[in-house]
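Subject: A structure for you to explore

Hi there,

Here is the structure I promised to pass on to you. Have it open while you read, and turn it around as we go.

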Amino acid sequence: MKKINKNYINGEFMDMDGIEVMDIISPSTKETIGSVTLGSVKDVQVAVSAAKAALKTFSKTTVNERVEMLQRLHDVMMSKSDELIKATVEEYGAPVSIATNLMLVAAKAFLNTKEALEEFEFVRSIGRAKVTMVPLGVVGMITPWNADYYQICAKLAPAIATGCTAVIKPSELSAIQTQLLLECFHEAGIPKGVINVVNGRGEVVGTEITRNPDISMISFTGSTNVGKAIRRGAVDTMKRVTLEMGGKSPNIILEDADFRIAIPLALRIAFGNSGQACIAGTRLIIPENRLEEVKQIIKIVDQNIKVGKLWDKDSAIGAIVNERQYERVQRYIRAGIMEGAELVIGGEGSPQGLENGYYVKPTVFANVTMDMTIAKEEIFGPVLSILTYKTEEEAIEIANNTDYGLAAYISSTDLERANSVASQIEAGRVVINMTEDEPRAPFGGFKQSGIGRENGVFGMEEYVEPKTILGYK
Ligand code: NAD
């Protein structure tokens, strides 16, 4: 049983003011595996004071010093990779392949940012002016549970790169993973007060971060509703806010695509991270006359999608993070059935033999129309909706018919055509014929998927304030 009952503030694991204790339940067994004490408003205030004090010296550190810190953070994480992966399997319910990938991309975020830092122009010349890019200050970071290490590292790395300090509120559902990550940060020897972490509820710890006048910026990843509340709450103190929020990403299969490749790829894009991915391609948009063929391919592929058995290397889908999210996914599956969509695979309940965990059957619906709930709302589980089109224009219209705009996918054998379609899609990232990421390229959403960008040089720009100096020579 892991007992997480300290904040990490000013380079130390400190006793907390908060007293509420929450059980940590393993989603793959429904057993209690630990507990986390939730922080109070006072805990946040102590963390903010430490971050504010550290800013004075940290903002003056050299690029070289910060390059070395980013390298050390990466190296320590890699040296503890087995423990970090194990925690994600146990606490989050991910299969080991996903847990490994989540750990690797998190550690890599430090290296990618290090590369961006090496090329970042902190002093620019524009006409008669010198423009210096000044660290914004104390950054509040609020993160979700679906990729705990990555979300924290992707926000912390640009803060360190730019000379900002951090107060982090991770998801209370990821406390064991966060604790291990903090031990890595501690070992990396980052100056005291640069990294401060308070576990706790969004309404308490998150709200205080949003309100606190000594915080200059909030970098948030999570649901659109909470993102909107943070943006509203940040107005009084004029904080900069970057929001990475939900998605209902389209995946257009053009009729010239090789369906034997494109449809299995579409299932991977929809079911990645057990469907708990903001970038999941959850609306599969296919030519109307190919529906039967697509259904057949999906049924065949489904026979080889392994759910559960988290330590098996070929297991593809794990458990849903907790009971609440599991029930939410089940409600969406019921809504799909009740609103008249056709079940191709999956359905309500857990796969046979996996009833002891929060496992969902990988589910695909056909005959989905744009007005159905499952076509509009983010489900955050392995549930895919198939919509059909008659013309390319209609495919693009369906793809863009959403409040979200985080990611989009296209399959085609004609790259010129795929690029033309990509140019008409309203999304922060369009991926053609693959799943691989480019972590140095900007990541973020159009429309209600967010504001601002993460990753690489674009991500660093969010953490600095340009200061123009005239008459400087
Ligand atoms: P959530 O919005 O409920 O919570 C995210 C974080 O915000 C948590 O740490 C939570 O405690 C905190 N929070 C909750 N209420 C708050 C409040 N009033 N003020 C301040 N903070 C508050 O999201 P979740 O359930 O943890 O994660 C799932 C959601 O995150 C999905 O909608 C998903 O699309 C989104 N997500 C987006 C991305 C992205 O990069 N765009 C990545 C991962 C997840």
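Let's begin with one term: a residue counts as buried when its relative accessible area is under 20%, as exposed when that area is over 50%, and as partly exposed in between. R417 has a relative accessible area of 22%, so R417 is partly exposed. Please keep in mind that this is a predicted model.

**Salt bridges**

Which residue forms a salt bridge with R417 in which the closest N and O atoms are 2.7 Å apart? That residue is D256. D256 lies in the loop between β13 (249-253) and α9 (259-271), while R417 belongs to helix α14 (residues 415-423), so this pair ties together parts that are 161 residues apart in sequence. D256 has a relative accessibility of 23%, so D256 is partly exposed.

R417 also forms a salt bridge with E392, and here the closest N and O atoms are 2.5 Å apart. E392 is in helix α13 (residues 392-400) and R417 is in helix α14, so this pair ties together parts that are 25 residues apart in sequence. Is E392 buried or exposed? With a relative accessible area of 19%, E392 is buried.

D214 sits in the loop between α7 (202-211) and β11 (217-221), and K52 sits in helix α1 (residues 41-58), so the pair ties together parts that are 162 residues apart in sequence. Both ends count as partly exposed: D214 has a relative accessibility of 33%, and K52 has a relative accessible area of 42%. Salt bridges also link E115, E438 and R440 in a network.

**Aromatic rings**

Next, the rings. The model has 6 aromatic pairs. In one of them, the ring centres of Y8 and F13 are 4.8 Å apart and the planes meet at 50°, so the pair is tilted. Y8 is buried, with a relative accessible area of 5%, whereas F13 is partly exposed at 28% relative accessibility.

The pair of W145 and F380 has ring centres 5.4 Å apart and planes at 80°, so this pair is edge-to-face. W145 is in the loop between β8 (138-142) and α5 (148-162), and F380 is in the loop between α12 (373-376) and β17 (383-389), so the pair ties together parts that are 235 residues apart in sequence. W145 is buried, with a relative accessible area of 13%, and F380 is buried too, at 14%. Together with Y92, W145 and F380 form one aromatic cluster.

Rings can have charged neighbours as well. R290 lies over the face of F259, 3.8 Å from the ring centre. The charged end of R124 sits over the ring of F120, at 5.2 Å from its centre.

**A hairpin and a helix**

Strand β2 (residues 6-9) and strand β3 (residues 12-15) run antiparallel and are joined by 4 bridges. What is the bridge partner of N7 in β3? The partner is M14. The hairpin has 2 residues between its strands, and N10 takes a positive phi near 55°.

Now find helix α5. How many of its 15 residues are buried? The count is 15 of 15, so to speak a mostly covered helix. At 1.5 Å a residue, the 15 residues of α5 should span 21 Å, and the end C-alpha atoms are 22 Å apart, which agrees. G163 follows α5 and has a positive phi, near 90°.

**The cysteines**

A disulfide needs the two sulfur atoms within 2.5 Å, and the structure holds 0 disulfides. C153 is buried, at 0% relative accessibility, and C184 is buried, with a relative accessible area of 1%.

Enjoy exploring!

Best wishes

Methods: Residues are numbered from 1 along each chain as its sequence is written. This is a predicted model: local features need pLDDT of at least 70, side-chain atom pairs count only at pLDDT 80 or more; totals for chains, interfaces and linings use all residues. Side-chain values use heavy atoms; hydrogens and water are left out. Buried means under 20% relative accessible area, exposed over 50%, partly exposed in between (1.4 Å probe, protein chains only). Rings of Phe, Tyr and Trp (its six-membered ring) pair if their centres lie within 6.5 Å; planes under 30 degrees apart count as stacked, over 60 as edge-to-face and the rest as tilted. A charge sits over a ring if NZ of Lys or CZ of Arg is within 6 Å of the ring centre and within 35 degrees of the ring normal. The expected span of a helix is 1.5 Å times one less than its number of residues. Two strands pair if DSSP finds at least two bridges between them. A salt bridge is a side-chain nitrogen of Lys or Arg within 4 Å of a carboxyl oxygen of Asp or Glu.
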